[in-house]
Amino acid sequence: MKVLCSKCRKDYSQGTMGRCPSCDGILRPEYPDGAVRKLRDIIPGPGIDRYTGLFPLEGAVPCLGEGDTPLIGSRRIGPAMGLRRLCFKVEGCNPSGSFKDRGGALAAGLALERGLKGIITASSGNAAASISAYSAAAGLECLILMEPGSPPNKIRQTLATGATVIPVDGVFDHGPEAIGSLMLRLAEALDYYPALVWAPVNPYILEGVKTMSYEIVARLGKAPDLVICPVGGGDMLAGQWRGYLELKRAGLIDRLPRMIGVQSSSAPPLVEAFRSGSRRVKPLPYARSRISGINVPFTGEHALEAVRESGGMVLSIEDEEALALQQKVAFDEGLWIEPVSAVPLAGLKVLLERGGVEKDDLVVCIMSGAGFKDSNLAHSEAEEVSRRNPMPFDIEAIIAEAKALRAS
Ligand SMILES: [Zn+2]
């Protein structure tokens, strides 16, 4: 395996962190043809360790059964939009309830391989819960710098699996360089592995995310036409794109998908970079989205590169639209997802309005996390039900009550 700069193609030693020292480009691991060809023989299933030859480590990956998440055809929302082939990749079915587990498993493997004491990261919640869980599985310590205002369930989950959590004011507000150097210095001082999933700091962890593409292609027998992702730091989109490039190298697909990134109009760093035609993503002086997971002041350039290379685009949506679609997905499809997971569907609506989708296109929306992560739906109703006086154990009374509630 080599570590190459995506801009100047200079070769670096394995384990190099940060950006390319000579041109500031983004580093990415590249694997020999033989390793990539092995993709033809690997059968997807729970545990990303089956792809070990395509990861930047030689040691074991401590698995918790991550990956192998369902790819479900839309029953109602797709047909109502006039789309025949809309699918949802339900990443909430991962062990800690989000796609971050694909990177969390790899982070723990990398920390073990280097003989370090623990793992450190900064997170708005899902990466924290995941890295804490995999640290516990690997017998490692875990320190999380948490963005204030993270959903309580994500914090609870992180604490329950043993991490030390320190809320840090404006942890992401100082830009990628500042958080990157803070992470690296803290990691060195504590003898921890720096697992900030945003690639400009750690180019290795998002390699776990590409397993999503392997699974999608194994299931469909080809690449989708469009892959629509919510974009915060950008690793989900960029990681999947790398997966598709490898699948093409392995001869498993002959055509690549277009990668579509979606952000909130209240936190749109990638949208602005894409619209302006810039190569760099400028950090915003603000990020005010109500949607945990995409409320970011900056996005990695690797996501911008992936969107452009794929001929895709970046769209912005309103928070309210995504929250309404989160409810709709629950009612119409039976899937309880967190708000950020409905962001791709909101993006798909915008794309349809612009004529950017054909009715026969094979479209995959990535639903990044489970509903329990941010339990806004039915919150007050659940409280009310738990406080309500119970019905007597009587068939007539229960029928009368059921009919009355159905009518209301
Ligand atoms: Zn370079």
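**Close-up 1. Packing of helix α11 against helix α12 in the predicted model.** Helix α11, which covers residues 319–333, packs with helix α12, residues 343–353, at an angle of about 110°, and their axes lie 8 Å apart. Because angles of 65 to 115 degrees count as roughly perpendicular, α11 and α12 are described as roughly perpendicular to each other. On the α11 side the contact is made by Glu321, Ala322, Leu325 and Val329, and on the α12 side by Val343, Leu345 and Ala346. By class, this contact of α11 with α12 has six nonpolar residues and one charged residue, with no polar ones.

**Close-up 2. The buried and exposed sides of α11.** Asp319, Ala322, Leu325, Gln326 and Val329 are the buried residues of α11. Seen down the axis of α11, these buried residues fall within an arc of 120°, so they line one face of the helix. An α-helix has 3.6 residues a turn, so residues three or four places apart point the same way. On the other side of α11, Glu320 and Phe331 are exposed. The cover over the buried residues of α11 includes α2 (77–81), β11 (258–264), β12 (313–317) and α12.

Definitions and conventions. Residues are numbered from 1 along each chain as its sequence is written. This is a predicted model: local features need pLDDT of at least 70, side-chain atom pairs count only at pLDDT 80 or more; totals for chains, interfaces and linings use all residues. Axes are lines fitted to C-alpha atoms, for helices over the stretch in contact, and angles run from 0 to 180 degrees between N-to-C directions. Helices (H or I, at least four residues) and strands (E, at least two) are DSSP runs, numbered from the N terminus. Angles under 35 degrees count as roughly parallel, over 145 as roughly antiparallel, 65 to 115 as roughly perpendicular and the rest as oblique. Two residues are in contact if their C-beta atoms, placed from the backbone, lie within 7 Å. Ala, Val, Leu, Ile, Met, Phe, Trp, Tyr, Cys and Pro count as nonpolar, Asp, Glu, Lys and Arg as charged, and the others, Gly among them, as polar. A residue is buried if 20 or more other C-beta atoms lie within 10 Å of its own, exposed if 12 or fewer, and partly exposed in between; C-beta atoms are placed from the backbone. The arc is that of the directions from the helix axis to the C-beta atoms.
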